[in-house]
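Hi,

Here is the structure I said I'd pass on.

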Amino acid sequence: MAGFLVRRLLDYAVLVAVAASLAYLLAATALDPRSNYAGRTPKPPPAVVDAQLTALNLNDNTPLLQRYATWAAGVLRGDFGKSVTGAPVNEDLKRRMGVTFRLVVLGAVCGSLLGVLAGALAAVRQYGWFDRLSTGLSFAALAVPVVVLANILILLAVWANEHVFGRQVLLVSGEYSDGLDAGFWGQVVDRLQHLILPTISLSIGLIAVFSRYQRNMMLDVLGADFLRTALAKGLSRRKALLKHALRTALIPVVTYFAFMFGALLMGATFTEKIFGWHGLGEQLINSIFTNDVNTVAAISFLAAVAVLCASLAADLLHAALDPRVRA
Amino acid sequence: MTLSEEELAEELSDGVMPKAPSRARVVAGRFFRSRQGQVGFAVLALMFLLAFVGPLFNRWTYTDKDFTAFLQPPSSSHWFGTLQTGADVYALTLRGMQKSLVVGLLAALVSTALAAVVGAFAGYFRGWTDRVLSWVTNLLLVLPAFLILAIMSPLFGGAGRWPLFVIMLALFLWMVTSKIVRGMAISLREREFIQAARYMGVPPARIVFRHVIPNLSSLLIVDATLNVSAAILTETSLSYFGFGIQPPDVSFGTLIADGSKTATYAPWTFWFVAGLLVVTVLAVNLVGDALRDAFDPAARR
């Protein structure tokens, strides 16, 4: 197991390095920081622009490979360079990382738990009302992209605040209310009010996917001989379902989680941007518009690390669930 | 002259052999017998009809501006209402739908073709080919597709360069399918008919294209269908943030982005296009699911 883990980690380190380098090279080729200065009045003299760009390691007159070498040397020292405004990228991203982390973790936990639960329930009572309902709902949910879902949620929340609650219960913008003075519990409630809609928007897609997948896996397991044996030797139905069926059916679903994580990050990007959370995803979209090469590359690096961490976590969970892997 | 038993039987039945039903016909029959297949196919056909024939019955085109009607609700002259600029929402929506459907279909075709070729080569040749191709597949899985497409968006930003966008979109949809194809190709290469072809001296590339890929056609057809919906959804998200189809061209994504800003007081600018998008994707998914059942001989009737 230890050898396997070390080999995996090495593999992943290489993949992250290549992915981040690729992202940097792509961003440095496709984005044009020089155009940021073109629209300014009065027009800054070209020599000043050049000096500024060179100081930020963004000058397109420097050969691409040289810029890349400077950037890579910085990254190896743990420094992702400066943004187009001259602020260090590290500080900005450190602050934003926490925001995204909260959102993604909550979304992933809610989405996968509820999805697995719904799928398992649907499979146990195949063709019952819950099975039909969840199948229909997940089909519908899979057809609604996050950008549309988030907007629909906002519209619904605005309507509900006005007509159902009569006051602002569901808050649709930002992570917390600025300058709110309501004590500790007031703050907690305020944060929760902000958190509900983004979490729903992020997890509905996951719930739909996981419930479909878990249902199919569970159905395969429910017909298996070992489950009949477990029941025949006198295990209660609940115990057999929980300990033998659910656990076995979880194994492929866990592997699937690693695949889903990239999509989850993408969903988090859209959710953050639409709900006005100042996280990494929002910054990614903004920094592409401001031609901020270093920030884009740093976020790509973090995204690659996150995807691989998820896949490592899936491997470990797989080992925890399946004794054959541990051997 | 002696006749073997078979020849005798053939003679007795007037030389008419019972014909095996064609596979395409069996699958089509199963597909159209399922409720999902019927509904999905009908809705999808309707959507295509609406997108490509619908504009003919409208007196506004998507570039027209009606300066007597700004942000008007649906009426007899503007079926879906108008935008703040006076543009006709019906005309815009159908135009966006055309673009989204075409982009989705093309991207799905290209990405499935890519998945088939990469997966089949990796699975059939094994060794170094496999290692290199699998590594590239993993690399693309690690890089979130949205990120790369968004970074590259300035490159395909100009008007009329959407084919490039289609290709880029396709480049990030093929990885999971190609992994499945690879797994199936590994087991296919040990089958007798492939071995026979190999021993008869058929060149390996020809074996892949003539024997391996055609034998995975059912998987590929189903996957291409499901990729259409994935491509439409990705296109919508990218265009929503301004990274995909660029103005003056419109697509579902750009329309939803514009509509969502005015949706609270002018719901017609958002709900028609969002509804059509959801119905289209739903229909594609239903067709894909029904096709999968139709191709699967073990599926429950």
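Below is what turned up, going from a pocket to a helix pair to a cavity.

Keep in mind that this is a predicted model.

I'd start with the second largest pocket, at about 1,200 Å³. Its lining runs to 46 residues, and Val105(A), Ala108(A), Val109(A), Ser112(A) and Phe257(A) are the ones nearest the centre. Helices H5, H8, H10, H11 and H12 of chain A each give two or more residues to that lining, and so does helix H6 (145–152) of chain B. By residue type, the lining of this pocket has 40 nonpolar, four polar and two charged residues.

Next, a helix pair in chain B. The axes of H3 (residues 35–53) and H13 (residues 268–295) of chain B come within 8 Å, crossing at roughly 140°. H3(B) is therefore oblique to H13(B), and the crossing is left-handed. On the H3(B) side the contact includes Phe41(B), Leu44(B) and Met47(B), while the H13(B) side includes Val284(B), Val287(B) and Asp289(B). Sorted by type, this contact comes to 13 nonpolar, four polar and one charged.

H13 of chain B comes up again in the cavity, where H13, H4 (89–125) and H12 (252–262) of chain B each supply two or more lining residues. The structure has one cavity of 30 Å³ or more, and the volume of the largest cavity is about 60 Å³. Among the residues around the largest cavity are Leu92(B), Leu255(B), Asp258(B) and Val273(B). That lining splits into five nonpolar, three polar and one charged.

Cheers

Terms used: Residues numbered from 1 in each chain as written. Chains lettered and ligands numbered in written order. Predicted model: local features only at pLDDT ≥ 70, side-chain atom pairs only at ≥ 80, totals over all residues. Heavy atoms only, no water. 1 Å grid on protein atoms, 1.4 Å probe; cavity = no way out; pocket = protein on both sides within 12 Å on 5 of 7 lines; lining within 4 Å. Points joined across faces, edges and corners; volume = space filled by probe spheres on them. Helix = DSSP H or I, 4+ residues; strand = E, 2+ residues; numbered from the N terminus. Nonpolar A, V, L, I, M, F, W, Y, C, P; charged D, E, K, R; others polar. Axes fitted to C-alpha atoms, helices over the stretch in contact; angles between N-to-C directions. Parallel < 35°, antiparallel > 145°, perpendicular 65-115°, else oblique. Left-handed = near helix turned anticlockwise from the far one by under 90°. Contact = heavy atoms within 4.5 Å.
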